[in-house]
Amino acid sequence: MSTEENKALARRSWEIVNQRNPDLIEEVYPPDFVWHEPDGDIQGYEQARQFVSTFFAAFPDIDISVEDTIAEGEKVVSRYTIRGTHQGE
């Protein structure tokens, strides 16, 4: 993938949250992906769906604004702002 394609894919990954569509996980991530979270790793599609569904329940109005996407080679970094009202556990 080109640098621009990698940046576009990184930006698309935030649509999972903004569209509240966990099914997009399979379109954006490979089957063997791992998200490293402060309280443990999220591995694979099923764990990721459960993880984002928990966020949707806790923050029903969650919205992510991507401020910058920077790429070099195969590495991409996003600077983003998350807004939402906590209404869950």
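Close-up 1. The largest nonpolar core counts 15 residues, and the ones with the most contacts inside it are Ile25, Phe33, Trp35, Ala48 and Val52. Helix 2 (15–18) and helix 4 (44–58) each put in at least two residues of this core, and helix 4 gives the largest share, five residues. A nonpolar core here is a set of buried Ala, Val, Leu, Ile, Met, Phe, Trp, Tyr and Cys residues joined through side-chain atoms within 4.5 Å. Helices (H or I, at least four residues) and strands (E, at least two) are DSSP runs, numbered from the N terminus. In soluble globular proteins, nonpolar side chains tend to be buried together. Zooming in on Ala48, its contacts are Ile25, Phe33, Trp35 and Ile42, once neighbours within four places in sequence are set aside. Contact means heavy atoms within 4.5 Å.

A note on the model: this is a predicted model, where local features need pLDDT of at least 70 and side-chain atom pairs count only at pLDDT 80 or more, while totals for chains, interfaces and linings use all residues. Residues are numbered from 1 along each chain as its sequence is written, and side-chain values use heavy atoms, with hydrogens and water left out.

**Close-up 2. The largest pocket and its lining.** The largest pocket holds about 800 Å³ of space. Of the 25 residues that line this pocket, Ala10, Ser13, Trp14, Tyr29 and Trp35 are the closest to its centre. Helix 1 (3–13), helix 2, strand 1, helix 4 and strand 4 (75–83) are the elements that give two or more residues to the lining. Strand 4 has the largest share of that lining, five residues. Sorted by class, the lining has 19 nonpolar, four polar and two charged residues. For these classes, Ala, Val, Leu, Ile, Met, Phe, Trp, Tyr, Cys and Pro count as nonpolar, Asp, Glu, Lys and Arg as charged, and the others, Gly among them, as polar. As for the pocket itself, on a 1 Å grid over the protein atoms alone, a pocket is an open set of points where a 1.4 Å probe fits, with protein on both sides within 12 Å along at least five of seven lines, and lining residues have an atom within 4 Å of a point. Grid points are joined across faces, edges and corners, and the volume is the space filled by probe spheres set on the points.

**Close-up 3. Two antiparallel hairpins.** Strand 1 (residues 34–37) and strand 2 (residues 40–43) run antiparallel, joined by four bridges. Val34 has Gln43 as its bridge partner in strand 2, and two residues make the hairpin link from strand 1 to strand 2. Strand 3 and strand 4 also pair in the antiparallel sense, over nine bridges. Here Ile70 has Val77 in strand 4 as its bridge partner. Two residues sit between strand 3 and strand 4 in their hairpin, and Gly73 in the turn has a positive phi of about 60°. Two strands pair if DSSP finds at least two bridges between them.

**Close-up 4. Thr69 in strand 3.** Thr69 is found in strand 3 (residues 63–72). With a relative accessible area of 14%, Thr69 is buried; the cut-offs are under 20% for buried, over 50% for exposed and partly exposed in between (1.4 Å probe, protein chains only). Beyond neighbours within four places in sequence, Thr69 is in contact with Lys7, Ala10, Arg11, Val76, Val77 and Ser78.

Close-up 5. Arg20 has a positive phi of about 50° although it is not a glycine. Arg20 is partly exposed because its relative accessible area is 33%, whereas Leu24 counts as buried at 5% relative accessibility. Not counting residues up to four places away in sequence, Arg20 touches Glu15, Phe56, Pro60, Asp61 and Ile62. Leu24 and Tyr45 are 21 residues apart in sequence, with 9.9 Å between them in space, C-alpha to C-alpha.

**Close-up 6. Val28 in helix 3.** Val28 belongs to helix 3 (residues 25–28) and is buried, with a relative accessible area of 11%. Leaving out neighbours within four places in sequence, its contacts are Leu9, Arg12 and Ser13. Val28 and Glu15 are 13 residues apart in sequence and 9.8 Å apart in space, C-alpha to C-alpha.
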